[in-house]
Amino acid sequence: MSGEETVREKLANFLLQHPGEEFSLEDLAYALGLKRSESKRLYEDLVHVSKTLWRKTDGKVYVAMVPPVCLSCGYVFKDLKRPRRPSRCPRCKSERIRGPLFVLVEKK
Ligand SMILES: [Zn+2]
């Protein structure tokens, strides 16, 4: 088994145990016992885990992203194609950005 599979399995299991709760990338890295330097890989892992859960459950369970927000002016980064933490606000140029949050959604 590769290390990659292990992290993704841990990530899926952790989210399945906490449906409806919002987690930052840092929260997830801490929960999975990853080093801070390893946390960025979780963006890709989250996309992968969401697709897998969606496929396995016929679209009933997936990981949703709460978009990043500028803490200075309230600008919401709604149009991100991929999960990431923008470095600067396009409206006010502030670098005080709250990164994306991730939440497991279970449709009834
Ligand atoms: Zn701003």
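Leu-28 touches Leu-11, Phe-23, Leu-42 and Phe-102, leaving aside residues up to four places away in sequence; two residues count as in contact if their C-beta atoms, placed from the backbone, lie within 7 Å. The structure is a predicted model, in which local features need pLDDT of at least 70 and side-chain atom pairs count only at pLDDT 80 or more, while totals for chains, interfaces and linings use all residues. Residues are numbered from 1 along each chain as its sequence is written.

**Nonpolar core**

Leu-28 is also one of the residues that touch the most other members of the largest nonpolar core, together with Leu-11, Leu-42, Val-49 and Val-63; this core has 16 residues. At least two of its residues are supplied by each of α1 (3-17), α2 (25-32), α3 (41-56), β2 (61-66) and β5 (101-106). The largest share, 4 residues, comes from α3. A nonpolar core is here a set of buried Ala, Val, Leu, Ile, Met, Phe, Trp, Tyr and Cys residues joined through C-beta atoms within 7 Å. A residue is buried if 20 or more other C-beta atoms lie within 10 Å of its own, exposed if 12 or fewer, and partly exposed in between, with C-beta atoms placed from the backbone. In soluble globular proteins, nonpolar side chains tend to be buried together.

**Sheet and helix packing**

The protein has 3 helices and 5 strands, which follow the pattern α-β-α-α-β-β-β-β along the sequence. Helices (H or I, at least four residues) and strands (E, at least two) are DSSP runs, numbered from the N terminus.

An open sheet of 3 strands has the order β1-β5-β2, with antiparallel pairing. β1 and β2 stand at the edges and each has a single partner strand, so one side of each is left without a neighbour in the sheet. Strands pair if DSSP finds at least two bridges between them. β1 (residues 23-24) is joined to β5 by 2 bridges, and β2 is joined to β5 by 6 bridges. The table gives bridge partners in β5.

| Residue | Partner in β5 |
|---|---|
| Ser-24 | Leu-101 |
| Tyr-62 | Val-105 |

Helix α3 lies across β2 and β5 and runs at about 145° to β2. For this angle, axes are lines fitted to C-alpha atoms, for helices over the stretch in contact, and angles run from 0 to 180 degrees between N-to-C directions.

**Loop residues with positive phi**

Asp-58 lies in the loop between α3 and β2. Its phi is near 60°, a positive value in a residue other than glycine. Asp-58 is exposed, with 8 other C-beta atoms within 10 Å. Lys-93 is found in the loop between β3 (69-70) and β4 (97-98), and its phi, near 70°, is likewise positive in a residue other than glycine. Lys-93 is exposed, with 10 other C-beta atoms within 10 Å.

**Overall dimensions**

Along the principal axes, the C-alpha atoms of the protein fill a box of roughly 45 × 35 × 20 Å. Of the 108 residues, 21% count as buried. Among contacts between residues at least 6 apart in sequence, 54% join residues at least 24 apart.
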